[in-house]
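Hi everyone, thanks for coming.

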Amino acid sequence: MKYERGRVYTWEFPVRFTHWINFLCVLALSVTGYYVGRPFIHAYSSTQYIMGWMRFIHFVAAYAFLMSIIIRLYWSLVGNKHACICEWLPFTGEKLKRVADDIKCYLFLSKSSCHVGHTALGGLTYLLLFLVFLFEVFSGFALYSVNHSGVIWALLGGWLKSIMELSTIRLYHHLFMYVILVFAMVHVYIAWFSDSRDKTGLMGSIFTGYKFIAEKDMKQ
Ligand code: HEM
Ligand code: HEM
């Protein structure tokens with residue numbers, strides 16, 4: 001049965017912009033962070049400043065990452081309904097049922113139904129991911145506040161040192177990098193899989209903002 005598909009503007013520019021800034025920041029923060037934890041290039045002369053440059057890039061990417069999170073949270077308040085973080089909150093019976101339906105669908109136990117915005121399971125995953133992002137910011141600025149004293153660093157993460165040991169903060173700051181990298185791999189697979197199954201142009205939508213939705217699915 002062939003359905004007419006309409007072009008729906010789903011992801012507004014700030015959602016796409018922060019998505020790709022997050023992608024670039026996670027890449028830079030992971031490579032430089034991994035180097036800080038396990039230096040894989042060794043300097044052959046005292047003029048080489050490898051660790052210095054890795055830490056510098058880490059901190060610049062850290063500020064860009066922090067700004068991107070603030071812009072995305074702000075846009076959740078002023079953007080269209082698909083930008084609202086309330087789409088990520090699965091705290092209603094109907095939403096929890098949709099999460100269960102999505103899991104059944106990804107396990108090939110049931111047929112899929114297309115969504116204009118995020119799937120309920122997708123939304124829940126992004127909520128957990130943003131909590132991990134927030135932990136990386138707070139733990140990162142807790143580490144950063146060791147050499148930078150001042151109210152701003154204390155607010156951005158220094159307070160975490162009064163709850164956790166510094167070595168534990170560093171350990172979890174490092175470990176959550178792997179959680180984010182595993183998310184990214186599964187995320188790209190599921191986005192690609194959903195696109196090839198539902199033919200909504202999902203992969204392209206995170207670049208253009210437009211999805212192609214069948215008439216029957218428009219109200220969802
Ligand atoms: C997705 C986000 C981030 C990832 C994946 C990440 C990853 C890492 C990793 C793997 C390390 C090495 C830890 C170790 O010694 O074993 C590290 C160190 C560090 N990160 Fe991050 N980081 C992120 C965000 C941030 C943010 C937002 C800040 C805030 C300033 C930050 C500040 C630091 C600092 C200060 C260190 C210690 C540097 C040192 O010991 O010289 N990180 N990061
Ligand atoms: C570190 C890598 C990545 C992270 C952390 C990430 C994170 C996210 C987040 C948080 C969203 C929700 C967008 C929002 O409402 O703000 C999203 C959506 C999306 N991302 Fe990524 N992403 C990454 C890489 C990629 C890549 C490489 C692609 C492939 C082109 C991709 C494709 C998509 C698509 C198609 C959506 C919309 C999915 C939906 O309907 O929920 N992502 N991503």
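Let me start with a term: a polar contact is a pair of N or O atoms within 3.5 Å, and within protein one must be able to donate a hydrogen and the other to accept it, while residues adjacent in sequence count only if both atoms are side-chain atoms. Here is one such pair: an N or O atom in the side chain of H58 is 2.8 Å from a nitrogen atom of ligand 1.

Some housekeeping next. This is a predicted model, where local features need pLDDT of at least 70 and side-chain atom pairs count only at pLDDT 80 or more, while totals for chains, interfaces and linings use all residues. Residues are numbered from 1 along each chain as its sequence is written, chains are lettered from A and ligands numbered from 1 in the order in which they are written, and side-chain values use heavy atoms, with hydrogens and water left out.

Let's stay with ligand 1. It has 21 residues around it, and the closest are R55, H58, R170, H173 and H174; a residue is near if one of its heavy atoms lies within 4 Å. R170 places a polar side-chain atom 2.5 Å from an oxygen atom of ligand 1, and for H174 a polar side-chain atom lies 2.7 Å from an oxygen atom of the ligand.

Which residues are the protein donors of the iron atom of ligand 1? They are H58 and H173, each through NE2, lying 2.0 to 2.1 Å from the iron. By donors I mean N, O and S atoms within 2.8 Å of the metal (3.2 Å for Na, K and Ca); water is not among the atoms, so sites may look incomplete. H58 sits in helix α2 (residues 50–78) and H173 in helix α6, so this pair ties together parts that are 115 residues apart in sequence. Helices here are DSSP runs (H or I, at least four residues), numbered from the N terminus.

The iron site of ligand 1 is octahedral, with angles of 84 to 179° among its six donor atoms. Six donors count as octahedral if opposite donors are over 155 degrees apart and all others between 65 and 115.

Are H58 and H173 buried or exposed? Both are buried, where buried means under 20% relative accessible area, exposed over 50%, and partly exposed in between (1.4 Å probe, protein chains only).

Now over to ligand 2. Its iron atom has H19 and H187 as protein donors, again through NE2, at 2.0 Å. Since H19 lies in helix α1 and H187 in helix α6, the pair ties together parts that are 168 residues apart in sequence. H19 counts as partly exposed, at 24% relative accessibility, and so does H187, at 23%.

Around ligand 2 there are 21 residues. Among its contacts, a polar side-chain atom of R72 lies 2.6 Å from an oxygen atom of the ligand, and an N or O atom in the side chain of Y126 is 2.9 Å from an oxygen atom. The largest share of the shell, five residues, comes from α1.

One last stop, the cysteines. The whole structure has one disulfide, joining C84 to C86 with an S to S distance of 2.2 Å; the cut-off is a pair of cysteine sulfur atoms within 2.5 Å. C86 is partly exposed, at 42%.

Key
Helix = DSSP H or I, 4+ residues; strand = E, 2+ residues; numbered from the N terminus. Tetrahedral: all angles 85-135°; square planar, octahedral: opposite > 155°, others 65-115°.
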